[in-house]
Structures are given as structure tokens and as C-alpha cells.
Amino acid sequence: MDEKAPHRERSPGMKLLFVGLVSAVLIVPLLLVYALVYDRQDQSETAQASINAGWGGPQVLAGPIVVVPFKTTQTQNETVDGKQVSRVVEVEKLLYISPLTNTVSTRIEPQERRKSIYRSVLFTAKTEGKAAFVLPEDLERFGVTPDKLLWDRAEVRIGASDARGLTTGGTIVANGKPLEVQPGKGPAASGGQGFFAFLGWDGSGRLNIDYAFGLRGSRTISLVPRGGSTVWNVSSPWPSPSFDGAFLPEKPSVTDKGFKAEYTIDKLALGQPPLSTEDYGPPQGGSAYGYNGRVSTTIAIPDGTTEAVAGPSRAVSVSLIETVDLYSKVDRSVKYGFLFIGFTFLAFFLFDIVAGARVAAVEYLLTGAGLVLFFVLLLAFAEVIGFTAAYLVASAAVIGLLTAYSAAVLKSWKRARFIGALLVGLYALLFVLLNLEAWSLMIGSVLLFVALAGVMYATRHVDWSSVGRHSPGEAEG
């Protein structure tokens with residue numbers, strides 16, 4: 001056998017199969033990068049929780065409400081000498097009076113705190129409000145006898161779900177008279193956290209409550225509306241709020257200089273009576289309100305007692321979200337990783353079968369490794385210099401590396417420049433897709449259609465089952 005006989009090449013179909021196998025192998029490092037992003041995000045959340053621990057968590061504001069003990073009777077069944085005996089006993093319960101109107105104004109001042117390379121969005125908030133209370137004339141229809149009310153122990157309660165944030169104190173003024181505030185005994189909607197004051201009111205006439213308090217927290221602040229009519233005006237210089245909860249604000253204003261929003265909630269939308277012998281518990285809805293959604297039938301009070309809870313409250317919520325959530329963007333970019341590998345391998349493959357440039361499986365593998373490394377570089381730099389700058393650095397490094405390598409693999413700088421231009425286009429397109437999430441599916445599908453049409457056109461004369469030879473003098477194309 002002649003040792004100098006020309007090497008017999010694989011058919012285009014076999015070459016395509018090998019390219020597909022190499023691409024499948026690269027799925028493994030892509031999945032490892034995906035797991036790395038998840039792990040780094042978990043570390044970031046742990047660091048943020050550590051920062052928030054010394055400051056204050058998501059805050060839920062509730063109240064004011066007026067709470068008055070009253071005497072009533074109830075029947076108790078007991079077993080005496082094996083016989084069932086019923087007797088009437090006098091017990092003490094609490095009457096919860098919701099405000100007729102409550103107008104609240106909250107100014108949120110955001111700030112960022114760092115721990116190593118991680119950061120958390122914190123805030124201080126100044127809340128002021130005016131509430132009016134009127135005791136219904138038909139009190140007995142609610143199952144309460146007026147002469148059984150213990151007005152000498154009446155209280156007004158205001159809640160903040162994380163009492164660690166109440167570092168600047170609070171004030172309560174009843175009909176122009178300042179009251180001495182005490183810690184604890186917040187409404188059940190705030191988890192029993194907050195402050196209260198004993199109230200000198202006998203239920204006659206109109207009770208006007210003016211209150212104010214400063215608060216520290218992180219990420220989210222919520223308000224539990226209650227009573228006849230609740231108006232909440234909230235503003236902040238933070239440019240990227242998220243409005244959540246049971247109700248949305250009316251015509252919020254959001255600009256680069258901050259946001260303003262106003263909520264107006266009527267009593268009919270709440271579905272709660274003005275008086276109740278049971279308080280309403282924390283709002284359901286998960287972390288947006290600072291609670292996991294579980295509702296108890298009782299709630300612990302700092303003085304060691306428990307109080308009955310009627311059910312979950314409804315709340316409105318404002319979150320200070322980060323303008324660039326780098327982990328979610330890196331996560332989304334990794335999901336496009338196989339498209340990067342596919343388009344680059346496709347260009348190599350076309351140069352191989354159409355232009356005669358021989359590309360080995362190892363060269364495909366090394367090129368794919370460079371494309372996967374982009375996502376690791378992007379994650380590493382994004383945690384330090386931000387997503388956009390990291391994207392420019394990582395893409396420039398990988399494009400430069402693969403363009404130079406392509407010149408050696410494809411035996412032509414002209415072809416290498418084409419690969420470089422392809423990568424520039426792909427990375428530019430990916431950046432657009434990451435910032436235009438709503439249009440990403442349409443843009444991506446159109447791109448895939450155009451790529452498929454281009455491949456069909458370039459390979460329209462290829463005999464996929466043939467086994468051919470390239471003559472020694474064949475042009476590089």
C-alpha cells in the first residue's frame with residue numbers, strides 16, 4: 001500500500017455527526033456553569049441576610065387601631081362526677097376598633113450596604129399619619145354591651161413587623177394630647193411587633209390620632225389598610241420600585257429621580273367590619289410582605305399573653321428592586337450558551353465542507369471551551385465591576401482569543417475575521433436580548449429562522465452521503 005496515498009476524508013454526514021457529538025459533550029460544562037451561578041447567587045443571598053440582620057428586614061406597617069377590653073359572658077361545659085354540667089361565666093375579651101379614615105405618608109430613603117463583593121438595598125423611612133375613630137351608635141349589634149367596655153384600659157396600637165427597625169422612636173397624639181408610647185403590642189397584622197399607648201377616651205365624640213415614627217428596613221415596605229378609608233402616599237428617590245400586594249397605586253409616577261405613588265382603599269374592598277372581637281393576622285403573599293404566608297389562630301404578645309386572630313389581612317407593598325440583577329442576567333445568558341456554540345460550530349462546519357478547511361474534533365472542543373469560559377468570566381467580573389462592564393470585558397477577551405485561534409484552525413485570517421464578526425454579532429445580540437426580555441423570544445426565533453435559511457442555501461449542493469477528496473491545489477475560498 002502506498003504510504004503517500006491521499007487521506008480518505010469522512011463524508012459531510014459523518015462530519016456533522018462528530019460536530020453534534022462534540023456539541024453534546026459541551027452541555028456538561030454549561031450545566032456546571034449554571035450550577036455555579038446558582039451557588040454564587042445563594043452566597044449573595046446569605047451575605048445580604050447577614051447585612052439585613054443588623055439593620056432590619058422587610059417591614060409591614062399596620063394600624064393605628066383602638067383596642068378596648070370588655071366583659072362578656074359565655075357558657076362553659078364541664079364534667080362533674082361523670083355528668084356534663086353547663087355554667088355561665090364572665091370572661092374578658094378585646095374589642096378592636098378600626099379607624100373611620102386613615103391618611104398615611106411615607107418617605108423612603110434608600111441606601112446600599114456592602115459585605116465583601118455583595119451588597120444589599122436598605123432603607124430608612126419616615127412615616128406620618130392622621131386617623132379618625134368614631135364608636136358606632138349601634139354597638140350592641142356587634143355583640144358588645146357599652147356598659148361592659150373597660151375604657152380605663154383602652155389602648156391605641158401601631159405596628160411594624162420588625163421592631164429592630166424602630167430605632168428613632170415614635171409619637172402618638174390623641175385629640176391634641178401627646179401620649180406616652182410603650183414597646184410591643186402591635187396589631188396582629190404586624191406580628192404583634194410595634195408600639196402602643198394607653199388612651200384616655202371614653203368612646204364619645206370623635207377621636208383624632210396623629211402619629212409619626214421612623215423605621216429601618218430592607219428591600220420591601222408594606223402597609224395593611226384597615227377601616228373605612230385608607231390613603232397611603234409613598235415616595236422615594238429610588239428609581240426602580242416594584243408595586244405589589246392586594247391593590248395597585250393610582251397613576252404612580254416613576255422617573256430616574258425617584259417615584260411617587262398613592263393608594264386609596266375603601267372599606268368595601270377590604271371586606272372587614274369596623275369592629276371585631278378578633279384581630280386580623282399577617283398578610284399572606286410570601287416574602288413580599290416579610291411573611292411566609294402561614295396564618296395562626298392566635299398571636300403572641302410581648303407581655304406573654306396571646307390574642308385571637310380572625311384571619312389574614314390584605315396589604316399593599318412597595319419594593320426597592322435593583323436596576324441590574326446580575327445573577328438573573330448571567331443565568332439567562334447561560335441559557336443561550338448552546339446557541340453560541342451552535343452558531344460558531346456551524347460556521348466552522350461550513351468552512352470545512354464547502355471551503356475545504358479541515359477542522360478536527362479537538363479544535364471544535366477547544367473552541368467550545370472558550371465559548372463556555374465566557375460565562376464564567378462574565379459571572380466573576382460582574383460581581384466586582386457590574387454586569388455591563390463585565391460583559392464588555394468577557395466578550396472582548398473571548399472574541400479576541402477565538403478569532404486568533406480560528407486563523408490557525410481555518411488557515412486564513414479572512415475566515416478568522418468572519419468568525420470574529422460572527423461572535424461580535426452574537427454577543428451584541430445576546431446583550432440586546434438580556435435587556436429586552438419581552439422581545440427575546442421573537443428576536444431569537446427570527447434569528448434561528450435566518451440561520452437555518454442561510455445553512456440551507458450554503459449547503460444546497462452538498463451531497464451529504466458522498467465521500468470526497470480535496471485536490472492539493474484546491475483554493476481556500
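Modeller: One term before we look. A crossing is right-handed if the near helix is turned clockwise from the far one by less than a right angle, and left-handed if anticlockwise. Helices are DSSP runs of H or I, at least four residues, numbered from the N terminus. This is a predicted model: local features need pLDDT of at least 70, side-chain atom pairs count only at pLDDT 80 or more, and totals for chains, interfaces and linings use all residues. Residues are numbered from 1 along each chain as its sequence is written, and side-chain values use heavy atoms, without hydrogens and water.

Colleague: So which hand is the crossing of α7 and α8?
Modeller: Right-handed. Helix α7 covers residues 387-409 and α8 covers 413-435. Their axes, lines fitted to C-alpha atoms over the stretch in contact, lie 8 Å apart at an angle of about 160°. That makes α7 roughly antiparallel to α8 (angles over 145 degrees, on a scale from 0 to 180 between N-to-C directions).

Colleague: Which residues of α7 and α8 meet?
Modeller: Among them are F387, Y391 and L402 in α7, and W413, L423 and F431 in α8. The contact residues divide into 16 nonpolar, 5 polar and no charged. Nonpolar here means Ala, Val, Leu, Ile, Met, Phe, Trp, Tyr, Cys and Pro; Asp, Glu, Lys and Arg are charged; the others are polar, Gly among them.

Colleague: New topic. What does W232 touch?
Modeller: Its contacts (heavy atoms within 4.5 Å) include V104, I221, Y263 and V318, not counting residues up to four places away in sequence.

Conventions:
Helices (H or I, at least four residues) and strands (E, at least two) are DSSP runs, numbered from the N terminus. Angles under 35 degrees count as roughly parallel, over 145 as roughly antiparallel, 65 to 115 as roughly perpendicular and the rest as oblique.
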